[in-house]
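Subject: Structure handover and notes

Hello,

The structure is pasted below, and my notes on it follow. Please read them with the model open.

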Amino acid sequence: MDVVRIMESLAEQGVTVLLKADAERMREGMKPWTFVASGAPFHEDLLVRTDAVSVEACLDTCVPRLREFGLVIPE
């Protein structure tokens with residue numbers, strides 16, 4: 001998956017997207033990547049979030065959920 005295309009597509013639909021790598025969690029061997037999506041298409045402060053071992057794992061978890069909310073996400 002192309003992370004930049006996905007993030008741009010979500011932003012165009014009014015979603016705020018955060019992708020973070022945490023150095024401390026990486027050093028500790030924990031899931032260092034966090035993906036958070038929130039914003040206008042979601043109701044009542046709903047957000048989609050996961051912590052994972054890689055960017056790809058974040059997307060594998062979050063993209064299907066975002067599509068369930070009706071968002072269009074490129075392949």
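Which side chains meet in a salt bridge at 3.7 Å, N to O? They are the side chains of Arg25 and Asp22. A salt bridge here is a side-chain nitrogen of Lys or Arg within 4 Å of a carboxyl oxygen of Asp or Glu.

Before the rest, some conventions. This is a predicted model, in which local features need pLDDT of at least 70 and side-chain atom pairs count only at pLDDT 80 or more, while totals for chains, interfaces and linings use all residues. Residues are numbered from 1 along each chain as its sequence is written, and side-chain values use heavy atoms, with hydrogens and water left out. Helices (H or I, at least four residues) and strands (E, at least two) are DSSP runs, numbered from the N terminus. Buried means under 20% relative accessible area, exposed means over 50%, and partly exposed lies in between (1.4 Å probe, protein chains only). Contact means heavy atoms within 4.5 Å.

Salt bridges

The structure holds 5 salt bridges. Asp22 sits in the loop between strand 1 and helix 2 (23-27), and Asp22 is buried at 18% relative accessible area. Besides its bridge to Arg25, Asp22 forms one with Lys20, where the closest N and O atoms are 3.6 Å apart. Lys20 is partly exposed, with a relative accessible area of 36%. The side chain of Asp22 also reaches the backbone nitrogen of Arg25 at 2.9 Å; a polar contact is a pair of N or O atoms within 3.5 Å, where within protein one must be able to donate a hydrogen and the other to accept it, and residues adjacent in sequence count only if both atoms are side-chain atoms.

Arg25 has a further salt bridge, to Asp51, with the closest N and O atoms 3.4 Å apart. Asp51 lies in strand 3 and Arg25 in helix 2, so this pair ties together parts that are 26 residues apart in sequence. Arg25 is buried at 17% relative accessibility, whereas Asp51 is partly exposed at 27%. Salt bridges that share partners join Lys20, Asp22, Arg25, Arg49 and Asp51 into one network. As a general point, side chains of opposite charge can pair when their charged atoms come close.

The nonpolar core

A nonpolar core is a set of buried Ala, Val, Leu, Ile, Met, Phe, Trp, Tyr and Cys residues joined through side-chain atoms within 4.5 Å. The largest one has 17 residues, of which Leu10, Val15, Phe35 and Leu66 touch the most other members. Helix 1, strand 1, strand 2, strand 3 and helix 3 each give two or more residues to this core. The largest share, 6 residues, comes from helix 3. Not counting residues up to four places away in sequence, Leu10 touches Val15, Val17, Phe35, Leu66, Leu71 and Ile73.

Helix 3

Helix 3 bends by about 30° at Cys62, and Pro64 follows within four residues. The bend at a residue is the angle between axes fitted to the seven residues ending there and the seven starting there.

The buried residues of helix 3 are Val55, Cys58, Leu59, Cys62, Val63 and Leu66. They pack against helix 1 (3-12), strand 1 (15-21), strand 2 (33-39) and strand 3 (47-52). After helix 3 comes Gly70, whose phi is positive, near 90°.

Val48 is in strand 3 and is buried, with a relative accessible area of 2%. Leaving aside neighbours within four places in sequence, Val48 is in contact with Phe35, Val36, Ala37, Phe42, Cys62, Arg65, Leu66 and Phe69. Thr50 also lies in strand 3 and is buried at 12% relative accessible area. With the neighbours within four places left aside, the contacts of Thr50 are Trp33, Thr34, Phe35, Cys58, Thr61 and Cys62.

Ala40 is in the loop between strand 2 and strand 3 and is exposed, with a relative accessible area of 67%. Ala40 and Val15 are 25 residues apart in sequence and 6.1 Å apart in space, C-alpha to C-alpha.

Regards
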